[in-house]
Amino acid sequence: MKLKGAEILLHCLQEEGVDTIFGYPGGAVLPIYDALYNSDIRHILARHEQGAGHAADGYARATGKVGVCLVTSGPGATNLVTAITTAYMDSIPIVCFTGQVGSSLIGKDAFQEADITGITLPITKHNYLVERTEDLRDIVREAFYIARTNRPGPVVVDLPKDVMDKVIDFEPNGQEEINIRGYRVMKGYNSGQIINAVELIKKATRPVLYAGGGVIASEAAEELRELAEKRQIPVTMTLMGLGAYPGNKALSLGMLGMHGTKYANYAVSECDLLIAVGARFDDRVTSKIDDFAPQAKIIHIDIDAAEIGKNVDINVPIVGQVKEVLQAINAKLGEVPEGHNKEWLETIERWKDAYPLRYPSSSDGRLMPQHIIEKVYELTNGEAIIATEVGQNQMWTAHYYKFKEPRTLLTSGGLGTMGYGFPAAIGAKVAAPDKVVIDIAGDGSIQMNIQELAVAVEQKLPVIICILNNHFLGMVRQWQGLFYEKRYSYTDMSHQPDFIKLAEAYGAIGIRVTEYDEVEAAIKKALASKDKPVVLDFWVAKEADVFPMVPSGASLMNMIGGD
Amino acid sequence: MAKANKHTLAVTVENKPGVLTRVTTLFRRRGYNIESLAVGATEDPNISRMTIEVDGDDKIIEQVTKQLYKLIDVIKIVDITEERSVDRELVLIKVRADTNVRAEIVQIVEIFRARIVDIGRTTLIIEATGDAGKISAIEDSLRPFGIVELVRTGKIAMVRGTTK
Ligand SMILES: Cc1ncc(C[n+]2csc(CCOP(=O)(O)OP(=O)(O)O)c2C)c(N)n1
């Protein structure tokens, strides 16, 4: 069969099971767009390449499948950089196809040439420049394989225009095994370490499970739950781990770290065994590292050997698929009787009673943002897919939305990318049209990718945006308030568009909410929208703060606020 | 804390464009210090071999190794610091050599079993091969004459005996 490079590309995508790609055209990818013109693959036209990248990422997080995006060379590719880095920092499997100038022009500073494989070297799991059409199929297969296996991550495939134009003999033959000398998919684990871990778990009297995004990536929520419940071990989660264990269950401690709950941070500080599962001891989690879990022996389970011992010393390191390792541990542990760890669980109950998440009433008469999240939680039964932007909106979501299932929180944890949430929500809604999908936003962040409203309207995606509109870059203002004598340097956002008119201009629905008694009706109205996105503009207290918090550099025991 | 010291890593990589950049980018990004790096072909045309000297305690070397392994194009890493190995480096030294000192220089060259590979009007280029100690020694011996230019290849190394 004689096929053009671009046709082979689409053929390979279909072999990988890709049915949707997010993209933005341009000169260098004209051959690919021409092939897409009569392809079965659904192409969703973003309004900015960053939007396409985050949408592919949101699609991947919501489903566990590899997200795909396609952009042109030069500015198209560089516009993707933030989205790629976001996926890299959170270990999200996406494959990004970037157009490139023709092979003979590479290195000549040709029009719209950018060295995207060079630029993305430190922010991809791997990347490729395809030099020959003949190599295309192997490279595409490797790209997907690398993106989704072991510790997942983004892969960039750079496609020179002539490589896409060239016609070659192509046989869509069988799927030979992928064999990459320098890359092996991790199987198995060190069984001696499993025995050591089991011993420690049996001996512990104050154990805590510390679960991260790796539990979700490894589809190991069930195994985590088995371990926690069988052994009565309380579970705290990182931002990336929320949903790994149901946040509404008694054993959940919620999030730990800088904006963790007091009881999670106290539990970690007092525990005698910390079982870290698919987490990486990030500085936002550990805060002052020397004081982190000072009394605990630590078991660290992770697929990435480089994470083990990177930030803290580990007593029992176990490299492997989180799911497999937990299964092995569970198989060696019997169920404990009711009342096991009794004293420890009582201590934790006492902390929970003494230091629940709570917030004061409004000081300026406006809505309290935490209340909005509580209402969203209540009215969606805790079953929506929630994306967030970055800042206070993100932390309040982590506090007050009790995620019950994995893959229901989409948030930029590692990079903290403002502008991530809305396009990610679009990607998730495309992947899961039957789910309610909501982006919890700040008035600053939402302006970073607001142009994607056109996508949601065009594609008839009833995504809901809840702007917690404090007329500030809230999180930065909070720090200025706490640590810079309220010198609110350039964080005032009161000059802003009328979000209702803006929504309407795009063809979406806009509702402003300023009173408590309007909150519920507005959310319900948004939830009822069948084919139009809805912007809910909640005017919230301008100077509400996220509490409790660990001031940077302090230890987890020293939390401030939230009393 | 473990003591800081030099480690020699023998790193087998795919012979593909960009692999060297991947390795050096990783060192730069993570803040590891490369003391010397030599890269070249091996008996297999698809595989290159890097010899990297890196400064750091055992913990850093462990991180370097694990991070390097994450590069898809890295096939194998062996820390040969403690192995019985043959280490070699080549150096070219252009030294000032007026007629009155030439004889003395020639003598030094002979002692080190080095070679004179170019004779200029007022300079000589000397080529020497050896382990780091020998290279430093010849450099020290020639310095008094005035070194005009010096270039070292960086160390390459191979484990002795039959193991690979
Ligand atoms: C792209 C980007 N630029 C800057 C920042 C720094 N930053 C972190 S939080 C924040 C304020 C966010 O304000 P807003 O979106 O209004 O959310 P709020 O904190 O008020 O909920 C800023 C500027 C960032 N995280 N991302």
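A polar side-chain atom of A:Ser445 lies 2.6 Å from an oxygen atom of the ligand. That is a polar contact, meaning a pair of N or O atoms within 3.5 Å; within protein, one must be able to donate a hydrogen and the other to accept it, and residues adjacent in sequence count only if both atoms are side-chain atoms. The model is predicted, so local features need pLDDT of at least 70 and side-chain atom pairs count only at pLDDT 80 or more, while totals for chains, interfaces and linings use all residues. Residues are numbered from 1 along each chain as its sequence is written, chains are lettered from A and ligands numbered from 1 in the order in which they are written, and side-chain values use heavy atoms, with hydrogens and water left out.

Stay with the ligand. A:Gly444 has a polar backbone atom 2.8 Å from a ligand oxygen atom. A:Gly474 places a backbone N or O atom 2.8 Å from an oxygen atom of the ligand. The protein covers 76% of the 590 Å² of accessible area that the ligand has on its own (Shrake-Rupley method, 1.4 Å probe; for residues, only the protein chains shown count as cover).

Helices (H or I, at least four residues) and strands (E, at least two) are DSSP runs, numbered from the N terminus.

Now turn to chain B. Its secondary structure comes to four helices and nine strands. From the N terminus on, they run β-α-β-β-α-β-β-α-β-β-α-β-β. The C-alpha trace of chain B spans about 55 × 40 × 35 Å along its principal axes.

How does chain B meet chain A? In all, 21 residues of chain B are in contact with 20 residues of chain A (heavy atoms within 4.5 Å). The two chains bury about 1600 Å² between them, 50% of it on carbon and sulfur atoms. Buried area is the accessible area (1.4 Å probe) that two parts lose on being put together, summed over both. B:Arg22, B:Lys66 and B:Ile72 supply 39% of the area that chain B buries against chain A, more than any other three residues.

Eight residue pairs are in polar contact between the chains, both at pLDDT 80 or more. Helix 1 (19-30), helix 2 (58-70) and strand 4 (74-79) of chain B each give two or more residues to the side that touches chain A. Helix 2 of chain B gives the most, with seven residues. By class, this side has seven nonpolar, five polar and nine charged residues.

Three salt bridges link chain B and chain A (a side-chain nitrogen of Lys or Arg within 4 Å of a carboxyl oxygen of Asp or Glu). In one salt bridge, B:Glu14 and A:Arg181 meet at 2.7 Å, N to O. B:Glu14 lies in strand 1 (residues 5-14) of chain B and A:Arg181 in the loop between strand 8 (167-169) and helix 9 (191-203) of chain A, so the pair joins two chains.

Terms used: Nonpolar A, V, L, I, M, F, W, Y, C, P; charged D, E, K, R; others polar.
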